[in-house]
Structure formats: C-alpha cells, structure tokens
Amino acid sequence: MTNKSAGVYVRLPDGWSQARVQEPLLIGLDARQLSPEMYSLLRQIDWLTGIDASGNEKPDVFNPAAQQPNGFIQVRQLLPEEAKSISTNDLRDLVVPIDQSQAAQDELVRKDPVSARLQPAFLLILEESVKKANGVHGVHLVYQLSTSTGLVTFDQTSLLDSQQTVLYQLVMTCTALCYAQYGSSVTSVQHSFTVNPTT
C-alpha cells in the first residue's frame with residue numbers, strides 16, 4: 001500500500017484488505033475541544049486507511065475485540081496547537097494513556113501482587129524508540145489491555161517528521177489470542193512501514 005503524496009509505504013500480507021476512511025478517527029484528540037471549523041480542517045489534512053487481515057471489503061478499522069488483526073495507517077498534518085507542544089513522549093499516549101495505565105497496574109500489584117500479575121489490567125510488552133531517514137522519529141509500542149471483551153493487544157508505531165508538524169501512525173490490534181497467532185504478520189507489516197516526508 002503506497003501513498004506517494006504522503007510519502008508512506010506499507011507492505012500488507014496477501015489476502016489483507018485496505019480501504020480509505022473518509023472521517024477522522026480523532027485518536028489522541030478531544031472531540032469536545034474541536035470546533036466545526038477544526039473538524040472540517042482535519043478532514044482535509046488527514047489521510048486514513050483501514051487495514052484488515054480478514055480480507056473484508058469494509059475493513060475493521062479499529063476493533064480490539066476482532067479475531068484477526070485490523071487497524072489503520074494515518075498521515076495527518078498536526079493542528080497548530082498540537083505542533084507547538086507535541087513531544088515524542090506524547091506519541092506514547094495517542095491511543096491509550098500508557099503512563100496512566102502503567103500507574104494503575106502498579107497500584108493493583110501493590111494491593112494484590114499475585115492476582116494483579118496473573119491477570120494484569122495493563123502490560124507493556126515492548127517500547128522502543130524509532131529513528132528513520134530524514135529526521136523521522138517516534139516510538140513503537142506493543143502492549144496488552146484488559147477490556148470488557150477480554151484481553152487485547154495493540155501494536156502501534158507513531159512518528160513525527162523532523163519539523164514535528166506531521167503525524168504518521170500505523171496501529172494494529174486484535175485479541176491477545178489472535179496476536180499470539182498472527183503476531184509475526186503484524187510485525188512484518190510494522191517493519192515495512194516506510195516514511196519519506198514529501199515536504
């Protein structure tokens with residue numbers, strides 16, 4: 001999957017589907033703080049494509065309870081207020097507030113060490129800095145989260161261009177059992193994520 005104007009390439013396994021999504025997901029943004037004008041602007045500066053291992057014509061764009069990997073790739077010009085203040089550390093919290101979730105898990109361990117470790121509400125599996133060509137930088141995370149539908153896994157890469165004005169994200173998710181089965185495919189997709197800024 002290639003978007004030359006956005007400078008992004010991702011290699012999907014055979015049989016996976018992709019479809020352009022017209023409406024912004026607003027991940028990492030507080031919708032209550034968005035004016036109609038800002039929302040309209042987001043629709044113009046956001047490129048969002050859903051990806052789904054099931055091959056469905058209309059991919060699950062972000063369904064952690066799915067039995068096959070799904071997610072999205074996004075390229076978005078940051079709003080002026082975001083660009084002024086965003087840091088690499090902020091990228092960790094764009095889908096799930098990592099530090100807050102880890103602190104809550106630590107508190108559970110403090111109260112009930114055995115149960116909290118056997119059935120964690122949150123488990124950070126991998127966190128690594130990412131540095132790519134042309135100053136593109138960010139973070140890659142893999143973590144598990146206990147939800148009302150069971151244990152789910154997220155595998156996300158969030159990157160900024162060298163000027164920190166453009167956000168590039170590749171986020172995959174599914175149940176923890178699904179990720180145990182298909183994790184190598186998700187990893188290959190993440191490793192293929194190539195960003196060559198066009199501005």
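Is L126 buried, exposed or partly exposed? L126 is partly exposed, because its relative accessible area is 31%, where buried means under 20%, exposed over 50%, and partly exposed in between (1.4 Å probe, protein chains only). The model discussed here is predicted, so that local features need pLDDT of at least 70 and side-chain atom pairs count only at pLDDT 80 or more, while totals for chains, interfaces and linings use all residues. Residues are numbered from 1 along each chain as its sequence is written, and side-chain values use heavy atoms, with hydrogens and water left out.

L126 belongs to strand β6, residues 122-131; strands (E, at least two residues) and helices (H or I, at least four) are DSSP runs numbered from the N terminus.

I98, S101, Q105 and V109 are the buried residues of α4. Seen down the helix axis, they fall within an arc of 80 degrees, so they line one face of α4; the arc is that of the directions from the axis to the C-beta atoms. These buried residues pack against α5 (113-118), β6 and β7 (137-147), contact meaning heavy atoms within 4.5 Å. On the other side of α4, Q100, R110 and K111 are exposed.

A search of the whole structure finds five salt bridges, each defined as a side-chain nitrogen of Lys or Arg within 4 Å of a carboxyl oxygen of Asp or Glu. One of them joins E82 to R76, with the closest N and O atoms 2.8 Å apart, and both of these residues are buried.

Another salt bridge joins R92 and E127 at 2.6 Å, N to O. R92 lies in the loop between α3 (88-91) and α4, whereas E127 is in strand β6, so the pair ties together parts that are 35 residues apart in sequence. R92 is buried, with a relative accessible area of 9%, while E127, at 38%, counts as partly exposed.

K111 is exposed at 61% relative accessible area, and E107 is partly exposed at 31%. Elsewhere, salt bridges that share partners join R92, D99 and E127 into one network.
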